[in-house]
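This report is for a reader who has not seen this structure before. Please look over the sequence and the model before reading on.

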Amino acid sequence: MRAGSGLLPLQVEGLGFVAGGVPILQDVSFRLEAGPPSVLIGPNGAGKSTLLRLLHGLLPPSGGVIRWALLPAEVARRRQAMVFQRPVMLRRSALANVEYPLRLAGLPGPERRARAQAVLGEFGLGDLAHRPARRLSGGEQQRIALARAAAMDPAMLFLDEPSANLDPAATRAVEEIVTAIAARGTKVLMTTHDLGQARRLAGDILFLHRGRVVEHAPAARFFAAPAAPEAAAFLKGELLW
Ligand SMILES: Nc1ncnc2c1ncn2[C@@H]1O[C@H](COP(=O)(O)OP(=O)(O)OP(=O)(O)O)[C@@H](O)[C@H]1O
């Protein structure tokens with residue numbers, strides 16, 4: 001697979017976002033390398049979703065720099081995908097949903113069908129291919145959405161709480177797909193409120209608090225000995241705001 005070649009490292013410097021005069025993100029700086037998923041954690045309202053949207057180009061920063069390696073930003077954007085907490089399914093089969101972005105990308109019919117079927121098969125979703133996507137369970141829809149993103153072979157994939165509201169079995173199934181996507185060489189940056197999930201998936205953790213990245217560390221180090229007092233309190237389950 002083609003991996004995150006050309007796109008990473010991602011260098012973020014002094015990134016800020018202001019909405020209605022209120023600073024939502026302030027002076028956010030970090031560097032993301034190719035490798036296992038990076039996981040963004042922090043209390044409600046810390047700015048996690050906003051940060052993903054800025055990086056994916058869905059919101060314009062108020063200040064700072066987002067620098068993808070080697071590629072101009074417009075090209076970098078075409079090599080990225082994002083899956084939201086509640087993915088939008090088109091009123092057609094799961095297979096047709098996976099084919100849809102491939103069609104938009106100009107892939108000829110037989111080729112896109114073959115690619116969509118291969119991805120569904122690879123992620124153990126072949127049985128769902130001909131089911132109407134909107135009638136699938138929340139967990140099944142989320143897995144189809146992940147397959148739809150993976151079919152485009154993105155260098156970078158942003159996931160905003162991919163298993164929010166899912167039960168443990170469905171969460172596990174989503175995590176298996178995220179792991180498979182990362183193993184294909186796609187760099188994943190995801191948010192989660194599930195600290196167990198962060199431990200299971202993360203290579204590194206970005207801890208966001210009140211619009212600032214207050215710690216960025218390898219996951220094992222972060223969970224064993226968080227350096228920032230806010231991160232330590234968060235891991236202990238103390239209320240943060
Ligand atoms: N366009 C906007 N206009 C005004 N306020 C905004 C806008 N976007 C986000 N916010 C505010 O910015 C803060 C951060 O929101 P964001 O959704 O990024 O946080 P989060 O860390 O993802 O939270 P959660 O964990 O609850 O999903 C919140 O207080 C939110 O209300």
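Which residues of the largest nonpolar core touch the most other members? They are Val 98, Leu 146 and Ala 147, in a core of 65 residues.

## The model and its confidence

The model is predicted. Its protein chain has a mean pLDDT of 94, and 96% of the residues reach 70 or more. For the complex, the predictor gives an ipTM of 0.95 and a pTM of 0.95.

## The nonpolar core

The largest nonpolar core holds 65 residues, with Val 98, Leu 146 and Ala 147 touching the most other members. The element that gives the most to this core is helix α5, residues 138-151, which supplies 7 residues. In soluble globular proteins, nonpolar side chains tend to be buried together.

Apart from its neighbours within four places in sequence, Ala 147 is in contact with Val 98, Val 119, Leu 120, Phe 123 and Leu 125.

## The six-stranded sheet

An open sheet is built from 6 strands in the order β5-β6-β7-β3-β8-β9, and its pairing is mixed. Strands β5 (80-83) and β9 (212-218) form the edges, each pairing on one side only. On average, neighbouring strands of this sheet are turned by 15 degrees against each other, direction ignored.

Strand β3 (residues 38-41) runs parallel to β7 (residues 187-191), and 3 bridges join the two. β3 also pairs with β8 in the parallel sense, over 4 bridges. Leu 40 has Thr 191 as its bridge partner in β7, and stands opposite Leu 206 in β8.

How many residues of strand β8 (residues 204-209) are buried? The count is 6 of 6. Both faces are covered, with Asp 204, Leu 206 and Leu 208 buried on one side and Ile 205, Phe 207 and His 209 buried on the other. In a regular strand the side chains alternate between the two faces of the sheet.

β8 and β9 run antiparallel and are joined by 6 bridges. The bridge partner of His 209 in β9 is Arg 212. The hairpin of these two strands has 2 residues between them, and Arg 210 takes a positive phi near 50 degrees there.

## Helix α1

Helix α1 covers residues 48-55, and its buried residues include Lys 48, Leu 51, Leu 52, Leu 54 and Leu 55. These residues lie on the same side of α1, because they cover an arc of only 160 degrees around the axis. Just after α1, Gly 57 takes a positive phi of about 85 degrees.

Methods
Residues are numbered from 1 along each chain as its sequence is written. This is a predicted model: local features need pLDDT of at least 70, side-chain atom pairs count only at pLDDT 80 or more; totals for chains, interfaces and linings use all residues. A nonpolar core is a set of buried Ala, Val, Leu, Ile, Met, Phe, Trp, Tyr and Cys residues joined through C-beta atoms within 7 Å. A residue is buried if 20 or more other C-beta atoms lie within 10 Å of its own, exposed if 12 or fewer, and partly exposed in between; C-beta atoms are placed from the backbone. Two residues are in contact if their C-beta atoms, placed from the backbone, lie within 7 Å. pLDDT is the predictor's confidence in each residue, from 0 to 100. Two strands pair if DSSP finds at least two bridges between them. Axes are lines fitted to C-alpha atoms, for helices over the stretch in contact, and angles run from 0 to 180 degrees between N-to-C directions. The arc is that of the directions from the helix axis to the C-beta atoms.
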